[in-house]
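Here's a quick tour for someone meeting this structure for the first time. Have a look around, then read on.

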Amino acid sequence: MNPPWWQSTTTRRAFVSLAGAAAATAALAPVRSLGAHTRHPAFKDYPFQLGVASGDPAPDGFVIWTRLAPAPLDGGGMSSESLEVRWEVAEDEHFRNGLRRGTTIASAYWGHSVHVEVAGLKPDRWYWYRFFSGGEASPVGRSRTAPTAGAAGSPLRFAFASCQHFETGLFTAYQHMLADDVDLVVHLGDYIYEGPAVKDRVRIHRGPEIKTLEQYRNRYALYKSDPALQAMHAAAPWIVTWDDHEVDNNYAGAISEELKVGQIELLKRRALAYRAFYEHMPLRRAQRPAGPALQLYRQLDWGRLARFLVLDTRQYRTDQPCDDGNKPPCADSLRPDATILGNRQRDWLFKRSAAPGAQWNVLAQQVMMARVDRKSGPEEAFSMDQWPGYEADRRRVLNHFHQAKVRNPVVLTGDIHTNWANELDRTLDGSGPAPVGVEFVGTAISSGGDGTEKPTYLSSLLRENPFVKFHNAERGYVLCNASEAHWQTEYRTVDYVSRPGSPMRTRAKFVVEPGQSRLQAG
Ligand SMILES: [Fe+2]
């Protein structure tokens with residue numbers, strides 16, 4: 001058996017360099033034989049308690065996911081054997097038309113998770129899927145394919161969400177999202193939170209801060225025990241990325257926010273966290289991790305209507321400048337060699353966004369790109385964890401939008417548990433002649449607990465930052481309707497998350513016309 005990647009003879013230096021870490025650990029990734037496996041397992045309890053999911057739609061298919069876990073909150077409850085799992089995909093919910101079947105292996109190494117890349121399907125239509133193992137059947141999930149490359153297709157209706165702290169609120173927002181009947185869900189990260197159980201909250205985590213593989217797995221299982229989250233996964237394909245809490249608060253590449261935690265220690269933890277993330281998400285083989293490296297940035301096209309460029313602003317970034325937090329700009333925040341994307345991802349983004357083919361170039365990413373001044377008056381404070389902490393990269397991206405004439409850039413953001421609609425321009429203070437893109441920041445599903453519609457700082461915030469066209473501090477998600485003719489965004493909020501049954505309301509609507517990068521109320 002291969003040694004764990006951190007005990008290899010490769011020099012420690014290689015791991016400290018992130019590019020080196022990716023290359024070195026890819027070579028050391030455990031190779032598991034799928035030869036011996038059990039065909040007819042007997043489960044102690046229902047093995048599909050974590051539900052089903054699908055993701056990363058293409059014109060000819062998507063990935064379908066489940067994880068066998070008869071004791072989901074207690075390590076899964078499976079033996080160390082690999083098991084055979086059967087799957088079915090059909091054109092109707094009764095599995096009568098266009099039935100396709102296959103088998104796959106749920107291996108113990110990957111926590112008995114299953115990721116099947118279904119291909120050969122028809123473009124731009126809905127499908128239904130399910131799994132079988134040991135005489136048990138999974139719930140039925142619904143997914144859909146994207147329109148053919150270059151095809152007009154029908155308008156796209158999708159929701160984006162982020163930040164679902166299990167303890168601070170219920171996932172009522174997902175019940176309303178389900179009723180919105182979307183084609184697609186984009187999740188921008190903080191799917192789980194790593195912190196310990198805290199007393200007197202709406203719901204309680206189990207145990208201490210998660211650090212081991214089993215603890216990460218149990219945490220995903222706890223979150224996935226939520227019926228509204230499971231139902232939303234079963235209803236439509238998801239495109240997922242992560243933020244920091246899937247590993248540890250505000251980590252930057254190999255650097256922990258805690259000074260006492262060294263880079264090797266953080267990378268070891270990151271390897272376990274990335275593995276558990278992959279095990280619980282509907283991701284393709286290309287996103288299978290190797291040690292502490294997981295290639296999450298990727299492109300997904302929705303015909304000629306939208307190109308999703310999914311970014312990872314955590315794995316490759318340099319350390320937060322100015323000791324993190326909200327600070328006036330310091331020399332480090334303006335350093336040209338500081339980066340939030342890393343050179344490889346930035347080059348990839350520039351190439352893919354400049355290529356023709358899509359009416360809307362959608363950046364699905366984590367932290368706010370607009371340079372929002374958090375202090376009223378002549379003093380300034382910017383979040384050093386967000387793009388303004390990496391001003392050189394921020395400016396490169398915005399200049400690229402302009403110079404490469406990127407068609408209709410739309411930035412989708414999560415992370416800060418509040419709603420924002422921002423026009424993006426290339427100046428430091430947002431006073432430029434014309435915006436070069438728009439940014440929609442979506443609030444949390446539950447993180448932060450019950451919110452407020454109009455926080456006390458609202459008027460000074462809007463005065464200070466004229467490019468911010470809307471701000472709201474309630475919980476919820478964002479609904480987008482995209483067609484060739486225009487883009488519409490709706491901010492959907494719940495009144496409370498501390499008890500069940502909140503109604504849903506739309507607090508604001510914006511329209512973007514192609515070629516304009518301006519936010520119009522509508
Ligand atoms: Fe968050």
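Donors here are N, O and S atoms within 2.8 Å of the metal (3.2 Å for Na, K and Ca), and since water is not among the atoms, sites may look incomplete. This is a predicted model, in which local features need pLDDT of at least 70, side-chain atom pairs count only at pLDDT 80 or more, and totals for chains, interfaces and linings use all residues. Residues are numbered from 1 along each chain as its sequence is written, and side-chain values use heavy atoms, leaving out hydrogens and water.

Let's start with the metal. The iron ion is held by four donors at 2.1 to 2.6 Å, listed here:

| Residue | Donor atom |
|---|---|
| Cys163 | SG |
| Asp190 | OD |
| Tyr193 | OH |
| His417 | NE2 |

Along the chain, these donors follow the spacing C-x26-D-x2-Y-x223-H. Cys163 sits in the loop between β9 (156-161) and α3 (172-179), and Tyr193 in the loop between β10 (184-187) and α4 (213-224), so this pair ties together parts that are 30 residues apart in sequence. Helices (H or I, at least four residues) and strands (E, at least two) are DSSP runs, numbered from the N terminus. Cys163 and Tyr193 are both buried, meaning under 20% relative accessible area.

What about α3 itself? Thr172, Ala173, Tyr174 and Met177 are buried in this helix. After α3 comes Asp181, with a positive phi near 50 degrees.

Now for Leu50, in the loop between α2 (18-28) and β1 (52-58). Leu50 is buried, at 2% relative accessible area. Its contacts (heavy atoms within 4.5 Å) include Trp65, Arg67 and Pro72. Arg67 is 17 residues from Leu50 in sequence, yet 6.7 Å away in space, C-alpha to C-alpha.

Key: Buried < 20%, exposed > 50% of the residue type's maximum accessible area, 1.4 Å probe, protein only. Lists of a residue's contacts leave out its neighbours within four places in sequence.
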